[in-house]
Amino acid sequence: MLDFVQQLVSGVALGCVYGLIALGFVLVYKATEVVNFAQGDLMMLGGFFAFTFIGMMGLNYWIGFAGAVAAMALFGMVAERVVVRPILGYPQFSIIMATIGLGYFLRSIAGMIWGTDDLKIETPFSQGVLRIGSLVLAYDKLSVIAATMILCTLLYLFFNKTTLGTAMRASSENMLAAYYMGIPVKRVVSIVWAISAAVATCAGVLLAPITFIHSNVGLVLGLKAFPAAVLGGFGSIPGAVVGGVLIGVIESMAGFYLPEGWKDVAPYLVLLAVLLLKPEGLFGHHVRKKV
Amino acid sequence: MRFLFKTDYEDDIKLFPHSGYLVSYGILLALLLIAPFVLSSYLMSQLVFVCIYATVGVALLILTGFTGQASLGHAAFLAIGAYTAAYLQKYNVPFPVYFLAAGALTGLIGALVGFPALRLTGIYLVIATISFALIVEEILARWESVTHGNEGMRVKTLSLLGVTVPRDSPTFYFLCLSVLVLTIVGTLNLLRSPTGRAFVAIRDSETAARSMGVNVALYKVKSFAISAAITGFAGVLFAHKLSFISPEMFTLQLSIEFIIVILIGGTFSLHGAVLGAIFIVMIDPFLTYLKDDLPGMIAGIAATFGAGPATAGNIQSKVASFASLNGLKGAIYGIIIVLFVLFEPLGLYGRWLKIKLFFQLFPLYKRATFKRQKIYVKSERNR
């Protein structure tokens, strides 16, 4: 039983990171119908930025964290302006390929700048554990869970209660109509990319104490975030986090109870099952076109 | 400019619309046939890889270019073909048999993948094919009684009708070339048949195709099966060329390379697969060249422009250290993909068509001829 709870908590913590990356996919997808295959790599880059600020420049953890988030938000805007905006409106395949290309580029550049070693960020939570009876919970994992909850709530409120959030949802439904209604679609898209890169950075920094930051971490975790996003329904913010947590728990349970090898495959088997049985996911809603 | 006057349907579906085609493709074939006796063994080896990549490219074009179903899982089909060959070879099955068996098995698995894919479009299909490829990769690593797991499998030298064909012999090159040519001719004929027309109809509009009486499900599965089978054939050749296969060769990276092949070549014509394959395979020799010769050349140029020997040496060492950076290949891939998507969406073959049209229409060429329509209204979610 104790093992089970222990696995559950570490699964939830890992799942929250998947959820945060999936949240990035969902934000961009909601606003522009673009699926950003470079989301994991934005997370990796955010982690490296934080490492530069905290580990190399010796800034305070929180200042470094904020600096990394700000820098990455700017980077997200630049990436949107340079790579995505010129091809908005073209078939989805082109945009997928462009973001795959961007991911390749970021991975290699990060490898050139920061090397290929595993890097570690010293955080206030990396030491210490919370003991409840005989249950031992590490602070770093709890911090990931807490931060995910906060971010998810903030983003949910932002999308559903603020004018800007409504504008984003409108431009996702129909860019042209939104433009006619006076919504500055270009600026909206740019802001969405900034937010999505910032969320990715949070994931990267929170992840740093659990698995180390290296240049391929984005690819590995980015691919795991797809099942999370699909499970939650691709356009739903709470769905992304719930999907992420489910995938994380399934993965960690499969690693513990099933023979070796299932751990890496389980998320994808779940993904295929979801796509076959309920393609709109847990929280998505299926829209049909009238002909 | 030559005007083709077509009087009936037979004129329209000719493989060689006019004599110019026969001449130019005849010259190309002759050059390819004398290539092994002229080129160095390294370039020959690259040429074999071009043939294999181009075969996969044609397979992917049938699925992605002509049926409109994107796939990022073709490395898995290639792996299944390669492993079938390696496994059957252990039981002394002759080459023609396991070659066909690999194609048949891969085609069957392709059809099995195609059934679930019927319900998926766009991004979901891409994600599903990625998952399929990752699962296959894991199975290859774990099913040790058949695949020997991560140790990999040794592939014996090809023996065709009692004659051994080493992997760097001209005969092996001719084998790969003939597989490529047969695939291309077969695909050209396929695209002129009702099946091929149905593929294109599905790509252009599924709803319209269905309302014209095209059995969308059947043709999508057919497209998957044909594409997978061709990739399986290529897999057999790939296994023989490498003479050793292991799961880490068939990663997502390889699937992406195949997509890059058709993206760079152009997704609307079979020429694209070949041009893209040449491009992708030749990146490696180009990078080697960059490492070996470029630093000296740049230093030489700097010296002619009046830089002192110390500065020139400095420049040389800087360029050399840049060119030998580890991630350079990945960065160049990334930049190439982004640049092609942004500025040359029709690929290399599209560029060739533009240049050709420019000279044909000389003073009247307009750039807008090739402009693509941007659609902001259509939501890919609502279909």
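Me: What share of the 383 residues of chain B counts as buried?

Reply: It is 47%. Buried means a relative accessible area under 20%, exposed means over 50%, and partly exposed is in between (1.4 Å probe, protein chains only). The model is predicted: local features need pLDDT of at least 70 and side-chain atom pairs pLDDT 80 or more, while totals for chains, interfaces and linings use all residues. Residues are numbered from 1 along each chain as its sequence is written, chains are lettered from A and ligands numbered from 1 in the order written, and side-chain values use heavy atoms, without hydrogens and water.

Me: Why is S243(B) called buried?

Reply: Its relative accessible area is 16%. The cut-off is under 20%, so S243(B) counts as buried. S243(B) sits in the loop between α11 (216-242) and β4 (244-245) of chain B. Helices are DSSP runs of H or I with at least four residues, strands are runs of E with at least two, and both are numbered from the N terminus. Phi of S243(B) is near 60 degrees, a positive value in a residue other than glycine.

Me: Is N92(B) buried or exposed, and what makes it so?

Reply: N92(B) has a relative accessible area of 64%. N92(B) is in the loop between α4 (74-90) and α5 (95-117) of chain B. Its phi is near 55 degrees, positive although the residue is not glycine.

Me: Why is K90(B) called partly exposed?

Reply: K90(B) has 38%. K90(B) belongs to helix α4 of chain B. Leaving out residues up to four places away in sequence, K90(B) touches V146(B), H148(B), M153(B) and K156(B). Contact means heavy atoms within 4.5 Å. K90(B) and H148(B) are 58 residues apart in sequence and 12 Å apart in space, C-alpha to C-alpha.

Me: How do you know whether the radius of gyration of chain B agrees with a compact globule?

Reply: The rule is 2.2 Å times the number of residues to the power 0.38, and the radius is taken over C-alpha atoms. For 383 residues a compact globule would be near 21 Å. Chain B has 23 Å, so the two agree.

Me: What makes a set of residues a nonpolar core?

Reply: The residues must be buried Ala, Val, Leu, Ile, Met, Phe, Trp, Tyr or Cys, joined through side-chain atoms within 4.5 Å. The largest such core has 199 residues. F37(A), F234(A), Y53(B), I245(B) and F250(B) have the most contacts inside it. Helix α1 (residues 2-32) of chain A gives the most to this core, with 16 residues.

Me: Why does this core lie between the two domains of chain B?

Reply: Domain 1 (40-281) and domain 2 (288-370) of chain B both give residues to it, so it lies between them. These bounds come from an automatic or database domain assignment.

Me: How do you know what area the domains of chain B bury between them?

Reply: Buried area is the accessible area (1.4 Å probe) that two parts lose on being put together, summed over both. Domain 1 of chain B and domain 2 of chain B bury about 1,100 Å², 77% of it on carbon and sulfur atoms. L263(B), I264(B) and F268(B) supply 41% of the area that domain 1 of chain B buries there, more than any other three residues.
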